[in-house]
Amino acid sequence: MFGRRPGSPPVGKLLAKGSRRPSIWVAMDLHTIETLIRPRSRAELPDWRAGDAWLAGGTWLYSEPQPDLRRLFDLTSLGWPPHHASRGGLTLSATCTVAALDRLELPGAWIAAPLVGQCCRALLGSFKVWNGATVGGNLCLALPAGPIIALATALEGECLLWAPDGSERRLPVTDLVLGPQRTALAPGEILRSLALPAAALSRRTAFRRISLSPHGRSGALLVGTRAADGGFTLTVTASVPRPLRLAFPDLPGRDDLLLAIDAAIPDGRYYDDVHGRPDWRRQVTRLLAVEVRDELAGACP
Ligand SMILES: Cc1cc2nc3c(=O)[nH]c(=O)nc-3n(C[C@H](O)[C@H](O)[C@H](O)COP(=O)(O)OP(=O)(O)OC[C@H]3O[C@@H](n4cnc5c(N)ncnc54)[C@H](O)[C@@H]3O)c2cc1C
C-alpha cells in the first residue's frame with residue numbers, strides 16, 4: 001500500500017530520531033497523494049490546506065479514487081488510548097477500531113452492552129476491514145448505514161472536536177452527521193472522541209437490522225432504548241439520510257409510534273440508493289419500529 005516516492009530520500013532518512021516508523025511516507029495506491037505525515041502530538045498537527053485529509057483506518061479512503069487529495073495525516077500515530085470507562089460513562093477515541101470496540105467488556109450495570117456488539121457486527125466487512133475501520137472514520141464518513149452512528153445516536157453520544165486553532169467544541173452526534181458523507185466538521189477539524197453517558201448505557205435496548213442480501217449493507221437499522229423510568233427512544237438509521245432519534249416519556253402505543261415516525265419522516269424523505277428503494281425502506285422501518293417497541297414493552301428491571 002505504501003512505498004517510497006521516486007527520487008525521495010531513502011526510508012532511513014525519513015525516520016524521526018528514535019522512531020521506528022517513517023514520519024513521511026507515500027501512499028502508492030492513491031496516485032495523487034504526495035505525502036503521508038504521521039504526527040505524534042496535537043502540536044505536530046499541520047496547517048490545514050485544500051487537498052488534505054485525515055487518515056484513520058483507511059478502509060474507505062483507500063477503497064476508491066481520491067483525485068482531490070494530496071496529503072494524508074495519519075491519526076493513528078497520535079497514540080490515543082482506544083477507550084476509557086468511568087462512572088460517568090464510556091469514552092471512545094476516534095481511532096478506536098470496530099474490532100477493539102466489539103471486544104470491550106463493560107460493567108454489568110451497563111445493560112446496553114449487547115448493543116455495542118450488535119452495531120459493530122452491522123459493519124459487514126472482512127477481518128481486515130474490521131481491524132482497520134475506526135469509530136471516528138465511521139462517524140465522519142457519515143454514511144446512512146454507519147452502524148457506529150446508530151450506536152452513538154441511540155446512546156446519546158457526544159462528540160469532542162478539535163479545531164486547527166487549538167480550540168475544542170462538543171456536539172451531539174445527531175448534529176455532527178448531517179447527511180450522506182456530510183458532517184458539521186469545519187475544514188481541518190478532527191473528531192477526537194465520542195462520549196457515551198452511563199445513564200444511556202444503563203438502559204435496556206432492542207436492535208433490528210435488515211438488508212436486501214444476507215451480507216448486504218443495512219437498508220434499515222433501528223435501535224430502541226427503555227429507561228428505568230419508562231422513557232422510550234427510537235433511533236432510525238440507514239433508511240434515512242441522517243440519524244433520527246425520537247424520544248417519548250413513556251412507551252407509546254403502536255399507532256402513536258407510527259404516527260410519530262410518519263411525522264418525522266414524511267414521504268420522499270426515505271433514503272434511496274442501491275441498498276434499498278424508499279418505499280421498501282419506509283415499509284421495513286415501520287415494521288421494525290413496532291418490533292422494537294414490542295420487545296421493550298415488558299416491565300423495566
Ligand atoms: C468491505 C467494506 C464494507 C463496508 N461496510 C460498511 C457498512 O456496512 N456501513 C458503513 O457505514 N460503512 C461501511 N463501509 C465504509 C466504512 O464506513 C468505512 O470503511 C469505515 O467505517 C471507515 O473507517 P476508517 O477508520 O477506515 O476511515 P477512513 O477510510 O480512514 O476515513 C473515512 C473518512 O473519515 C475521515 N476521518 C476519519 N477519521 C476522522 C476523524 N477522527 N476526524 C475527522 N475526520 C476523520 C477521513 O478523512 C475520511 O474522509 C465499508 C467499507 C468496506 C471497505
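**Note on the predicted model**

1. Strand E6 and strand E7 (residues 89-93) are joined by four bridges and run antiparallel. One of the pairings links His 83 to Leu 92 in E7. Helices and strands here are DSSP runs numbered from the N terminus, with helices being H or I of at least four residues and strands being E of at least two. Two strands count as paired if DSSP finds at least two bridges between them.

2. On conventions, residue numbers start from 1 along each chain as its sequence is written. This is a predicted model, in which local features need pLDDT of at least 70 and side-chain atom pairs count only at pLDDT 80 or more, while totals for chains, interfaces and linings use all residues.

3. E6 and E7 belong to an open sheet of five strands, in the order E6-E7-E12-E8-E9, with antiparallel pairing.

4. Overall, the protein has 10 helices and 16 strands. Of its 301 residues, 39% are buried. A residue is buried if 20 or more other C-beta atoms lie within 10 Å of its own, exposed if 12 or fewer do, and partly exposed in between, with C-beta atoms placed from the backbone. Of the contacts between residues at least 6 apart in sequence, 62% join residues at least 24 apart. Contact requires C-beta atoms, placed from the backbone, to lie within 7 Å.

5. The shell around the ligand holds 32 residues, and Ala 56, Gly 57, Thr 59, Gly 136 and Gly 137 come nearest. Strand E4 (52-55), helix H4 (127-132), helix H5 (135-141) and strand E12 (190-197) each give two or more residues to this shell. A residue is near a molecule or strand if its C-beta atom, placed from the backbone, lies within 6 Å of it. H5 supplies the largest share, five residues.

6. By class, the ligand shell has 20 nonpolar, 11 polar and one charged residues. Ala, Val, Leu, Ile, Met, Phe, Trp, Tyr, Cys and Pro count as nonpolar, Asp, Glu, Lys and Arg as charged, and the others, Gly among them, as polar. Domain 1 (2-77) and domain 2 (83-199) each contribute at least three residues to the shell. The domain bounds come from an automatic or database domain assignment.

7. Helix H3 (residues 113-121) has Leu 115, Val 116, Gln 118, Cys 119 and Cys 120 as its buried residues. These pack against helix H2 (98-103), helix H6 (147-154), strand E13 (204-210) and strand E14 (220-226).

8. Two alanines deserve a check of the backbone. Ala 142, in the loop between H5 and H6, has a positive phi of about 60 degrees although it is not a glycine. Ala 142 counts as buried because it has 21 C-beta neighbours inside 10 Å. Ala 238, in the loop between strand E15 (232-237) and strand E16 (244-248), has a positive phi of about 70 degrees, again without being a glycine. Ala 238 is buried, with 29 other C-beta atoms within 10 Å.

9. Gly 216 sits in the loop between E13 and E14. Gly 216 has 14 other C-beta atoms within 10 Å and is therefore partly exposed. Leaving aside residues up to four places away in sequence, Gly 216 touches Ser 211 and His 275. Gly 216 and Leu 123 are 93 residues apart in sequence but 9.5 Å apart in space, C-alpha to C-alpha.

Terms used. Contact = placed C-beta atoms within 7 Å.
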